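Please find below my comments on the model under discussion. They follow the order in which I would examine it on screen.

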Amino acid sequence: MTSQSNHRYPERGIVSKKPADQWQEAMITGNGELGALIFGQPLEETIIFNHEKLYEPLHGQIIQNNNMSPYLGEIRELMKEGKFRDAAELFSNKSGHPLLFTDAYHPAFALKLQMSNCDRICDYDRSINFETGEVTVSWSDDRGRVVRKQFVSREDHVSVISLTTTSNEEMSLELSIDDLVLEGSAREKHISTDERFLAFSCAYAKTKKGYAGGTVVITPMGGHVEVHGKTLTVSEAKEVILLTKIKPIDDYDQQAPSTLASIKKALKAISSKEYVELLTSHIRIHGEWFNRMSLTICDREDTQKPTEELLVSDQSLNKALLQQMFDMGRYVFISSSGSYPPNLVGLWTGEWRPAWNGDFTTDANVNLAVSGGGIGNMPEALEGYFQLIEKIVPDWRINAQTFFGCRGVLAGSKTDGNHNIHTHFDVDWPLGFWTAGAQWLMLPFYEWYQISGDDAFFIQRVLPIMKEIALFYEDFLTEYNDDGTFMFIPSYSPENTPRISNDLQKEGWQPNQASINATMDVAAARELFTSLIVTCQELGIERESIPKWKDMLANMPDYAINEDGALKEWIHPQLDDEYDHRHVSHLYPVWPGHEVNPEVTPEWFEASKVALEKRGRENYSAHGVVHCALVAARQKNADRVVDNLKLLLQEGDYIHSSLVTSHNPNRDIYNVDASCSLPTLVMEMLAYTSPGLIELLPAVPEEIRKGVITGMRARGQVVIEKLEWDLGAGDVNVYLRSLKKQEVTVRLRQGIEKAWNSESETIFIHNNTDLSIHLNKDEERYIKIKLS
């Protein structure tokens with residue numbers, strides 16, 4: 001097989017010149033509900049289908065915990081004595097069961113396509129068109145140019161595959177199903193064929209649930225389809241269309257036949273539509289979402305390389321790869337957002353029980369994955385995240401009551417989307433002591449309110465849950481530090497263990513992840529009460545609660561700075577920092593929070609910079625790399641941003657030939673949180689926003705001296721329609737459109753020599769860095785800036 005091809009590169013998309021031998025390198029497509037991995041040799045290709053709701057039940061019923069609240073006093077006394085491991089062991093033992101993972105995400109089945117053999121295959125390529133969601137595989141052989149296209153329709157909720165050839169020779173192929181089911185995971189499974197219908201159904205081993213799926217074969221220009229056992233054979237066809245649909249089943253024994261019948265009926269209803277017609281209706285939705293934003297930081301021809309070449313670069317920042325990864329990250333986020341947001345593997349896996357069961361891990365991973373949904377102008381995709389959180393809030397109430405006897409809500413650290421009863425009990429990993437989770441998980445809700453200005457959204461969907469988080473703190477914060485501020489006990493900083501001096505260990509103090517006054521726990525509470533107070537005062541609501549919230553905020557402990565000048569990860573004086581760790585949880589008030597910044601809290605801001613500089617890599621998890629870079633962007637530290645970008649894009653071998661990321665270096669463990677959060681990083685380094693402030697180019701690297709970004713949303717109800725910069729020429733142009741009448745500060749820390757508005761009138765410059773801009777509702781303002 002040769003590597004030359006005349007394939008036209010998608011305007012926005014990627015091309016690979018080599019077939020993928022394993023599913024981890026597969027090209028991906030999806031509509032949030034149904035996903036597909038496409039890989040294999042040209043004549044023997046495999047399409048693995050996934051469905052967002054397919055999680056293997058690992059337990060016969062939802063596991064509930066014992067009531068552990070009667071032991072809270074004893075746990076707290078043990079921790080005050082430094083017996084952190086004993087406290088964690090007591091908590092774990094009283095739960096009533098060992099550590100239990102969530103249900104496991106898994107593939108539905110694989111469709112195997114085998115075409116008739118040919119003597120000559122050349123000019124192979126495979127591609128993803130980000131704007132259409134199409135994966136195309138094509139090559140030349142004795143039949144001419146063979147083209148296989150696939151997308152998953154947002155409009156019709158099916159996978160659509162088209163096989164065509166440019167020659168007059170008719171095609172022949174065999175279709176079969178590989179169930180992929182892990183041994184012991186199913187009590188029953190069936191592959192069946194019926195004329196042009198190939199179907200699979202599976203009953204889980206542990207519950208009455210299951211799922212079913214089917215593929216219908218259409219030959220619009222003539223051809224024959226024959227059944228041979230569990231295989232469909234197609235012959236004498238000029239074009240073949242394959243439509244696939246999958247449905248979960250609540251009661252397999254009662255509903256499997258009717259579910260398969262409904263799938264067959266739904267596929268038949270659209271079987272008369274041509275591929276182009278189905279694609280066009282899909283693009284109207286997918287393409288509109290994707291094209292709301294664009295990034296250009298290099299010439300287009302620089303990106304038009306096979307991914308195998310794009311992933312090879314010299315020592316300088318690989319701008320072409322970064323530009324493609326920006327688009328790929330948004331594509332992954334959109335394509336894996338349906339009723340749920342992206343889980344650890346997005347929407348795609350080729351194995352049952354993937355690492356960490358492929359669930360939604362809430363102490364960094366899903367948080368990072370959805371972080372760009374708001375500023376990246378993807379509210380429809382974010383809706384899946386909103387629905388997931390709202391679905392599991394009832395379990396949060398159970399956690400709060402069962403763990404600590406508190407009203408309100410306490411989030412668990414892992415969920416499969418069905419429930420979030422915390423069952424991750426382990427002496428060495430006492431994640432149940434983490435109280436910051438609910439606030440971090442609500443931050444995208446609150447941020448979308450800041451972006452959209454949708455008062456009804458805040459009042460109806462955000463405020464009720466935030467009030468329950470506040471209610472939890474009212475009941476939980478009953479212990480006090482020596483200075484009279486609240487003591488967060490127990491507490492936890494994901495997923496790090498503080499250091500304890502040898503002298504204290506000799507006195508019986510025990511190193512453990514269980515802790516007191518983790519900075520992240522404190523930061524989340526401070527953020528919650530600040531947001532409630534500010535927003536409710538603006539809206540003139542919750543007047544009776546605001547004084548209580550103000551009192552709670554006034555009693556929060558301040559952050560601490562250690563002897564190195566770094567912001568401490570634990571405010572407790574006897575708990576010292578462990579720098580070499582993948583998480584940077586204690587820098588929450590820098591990112592994703594906004595509390596620690598150079599204008600309002602300069603001392604803490606400088607200490608946060610020291611903390612980040614001293615942070616190690618530990619196991620080099622990709623999410624930690626992006627997280628560090630996001631903090632660096634908020635710290636206006638372009639050099640640190642570049643260090644992390646180079647590690648992720650070039651030095652760590654994190655990226656598959658499909659441009660999907662892995663969790664670890666050397667493409668180990670398929671994982672999309674780095675894919676989805678990389679666009680967040682790009683946006684944060686090009687524009688930091690908060691209500692009333694738009695800071696341009698706060699952490700733009702020296703290597704990206706020129707570029708354009710369009711369509712970004714700002715916190716504060718402003719759309720950054722376009723931002724153009726040319727640092728070499730000292731020029732910055734920005735186009736703003738406000739959703740309300742307001743005054744906005746536009747800031748460039750590089751210094752402003754002169755600024756003009758769209759009428760060529762000079763704008764007054766404050767402090768050499770700030771412009772005060774008046775914006776009318778729905779009016780676009782063009783501002784031209786010359787840097788000093």
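**Notes on strand pairing and nonpolar cores**

1. In this predicted model, strand 7 (residues 109-115) pairs with strand 12 in the antiparallel sense, over six bridges. Within this pairing, Lys-112 has Ser-176 of strand 12 as its bridge partner.

2. Strand 12 also pairs with strand 17 (residues 231-237), again in the antiparallel sense, over four bridges. Here Leu-173 stands opposite Val-234 of strand 17.

3. The side chains of strand 12 (residues 171-178) alternate between two faces.

4. The largest nonpolar core comprises 240 residues, of which Tyr-473, Trp-725 and Ile-785 touch the most other members. Helix 9 (residues 379-404) supplies the largest share of this core, with 12 residues. A second, separate core has 21 residues, including Phe-151, Val-158, Ile-249 and Leu-279.

5. Beyond four places away in sequence, the residues touched by Tyr-473 include Thr-435, Phe-488, Asp-521, Leu-528, Phe-529 and Met-552.

6. Gly-417 lies in the loop between strand 21 (414-415) and helix 10 (437-452). Is Gly-417 buried or exposed? Gly-417 counts as buried because its relative accessibility is 0%, and buried means under 20%. Apart from neighbours within four places in sequence, Gly-417 contacts Tyr-340, Phe-360, Leu-388, Lys-391 and Ile-392. The C-alpha atoms of Gly-417 and Phe-360 are 7.5 Å apart, although 57 residues separate the two in sequence.

Technical notes:
Residues are numbered from 1 along each chain as its sequence is written. This is a predicted model: local features need pLDDT of at least 70, side-chain atom pairs count only at pLDDT 80 or more; totals for chains, interfaces and linings use all residues. Side-chain values use heavy atoms; hydrogens and water are left out. A nonpolar core is a set of buried Ala, Val, Leu, Ile, Met, Phe, Trp, Tyr and Cys residues joined through side-chain atoms within 4.5 Å. Buried means under 20% relative accessible area, exposed over 50%, partly exposed in between (1.4 Å probe, protein chains only). Contact means heavy atoms within 4.5 Å. Two strands pair if DSSP finds at least two bridges between them.
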